[in-house]
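Subject: Structure for your review

Dear colleague,

Please find below the structure that I am handing over to you. I would be grateful if you could read the notes that follow alongside it.

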Amino acid sequence: MSEKLIFNCTYGKEEPERATLPFVAANIAAAAGQDAIVLCTIEAVWLGTQGGTDGVAQPGLPALSDLYAEFIDNGGQVWLCGACAKPRGITEEHLVKGSTIVGAAKVVEEVVAGAKTVAFA
């Protein structure tokens, strides 16, 4: 059974609190040695691109650029929904360290294998 935790993030710069909270929780998991993944869908796919976290800050929470870097340093992974990235023109060449474009089949495969998912609405 998988020990992975997948934290869904759907918001980007337009909603800094909602964009940051999945990374806060995922970073706590990664720092505790869990296999943590932030799955970015819809507008959140921009967070895994060059400059995508620049200026994303909610008072009382860490700046997302710092949190993103810490999450990756703690072994976390950021998956960008391929179906969401494609219509926005996001390709592999736009990605930052730690981000990968994945298809729905990869997510389904992980969930079927037992990954636990956490949704932030």
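**The chain as a whole**

Please bear in mind that this is a predicted model. The protein chain contains 4 helices and 5 strands, and their order along the sequence is β-α-β-α-β-α-β-α-β. Its radius of gyration is 13 Å, which agrees with the value near 14 Å that a compact globule of 121 residues would have. Along the principal axes, the C-alpha atoms occupy a box of roughly 40 × 35 × 25 Å.

Of the 121 residues, 42% are buried. Among the contacts with a separation of 6 or more, 73% join residues 24 or more positions apart. The chain exposes about 6000 Å², and 56% of that area is supplied by carbon and sulfur atoms.

**Helix 1**

Helix 1 comprises residues 16–31, 16 residues in total. From its first C-alpha to its last it reaches 22 Å, close to the 22 Å expected at 1.5 Å a residue. Its buried residues are A19, T20, P22, F23, A26, N27, A29 and A30. The cover over these buried residues includes strand 1 (4–9), strand 2, helix 2 and strand 3 (77–81). Just after the helix, G33 adopts a positive phi of about 90°.

**Aromatic pairs**

How many aromatic pairs does a search of the whole structure find? The search returns 2. In one of them, the ring centres of F23 and Y68 are 5.8 Å apart and the planes meet at 40°, so this pair is tilted. Because F23 belongs to helix 1 and Y68 to helix 2, the pair ties together parts that are 45 residues apart in sequence. F23 is buried, with a relative accessible area of 0%, and Y68 also counts as buried, at 6% relative accessibility.

F23 also pairs with F71, and here the arrangement is edge-to-face, with 6.1 Å from centre to centre and 90° between the planes. F71 lies in helix 2 and F23 in helix 1, so this pair ties together parts that are 48 residues apart in sequence. Both F23 and F71 are buried.

**Two loop residues**

G12 is located in the loop between strand 1 and helix 1. Is this glycine buried or exposed? G12 has a relative accessible area of 1%, and it therefore counts as buried, the cut-off being under 20%. Leaving aside neighbours within four places in sequence, G12 contacts A19, E43, A44 and L47; of these, A19 is listed among the buried residues of helix 1. G12 and L64 are separated by 52 residues in sequence, and their C-alpha atoms are 10 Å apart in space.

T53 sits in the loop between strand 2 (35–40) and helix 2 (64–73). T53 is likewise buried, with a relative accessible area of 10%. Which residues does T53 contact, leaving aside its neighbours within four places in sequence? They are L47, L64, S65 and Y68.

With kind regards

Technical notes. Residues numbered from 1 in each chain as written. Predicted model: local features only at pLDDT ≥ 70, side-chain atom pairs only at ≥ 80, totals over all residues. Heavy atoms only, no water. Buried < 20%, exposed > 50% of the residue type's maximum accessible area, 1.4 Å probe, protein only. Contact = heavy atoms within 4.5 Å. Expected span 1.5 Å × (residues − 1). Phe/Tyr/Trp six-rings, centres within 6.5 Å; stacked < 30°, edge-to-face > 60°. Rg over C-alpha atoms; globule rule 2.2 N^0.38 Å. Areas by Shrake-Rupley, 256 points an atom, 1.4 Å probe, with all protein chains shown as cover.
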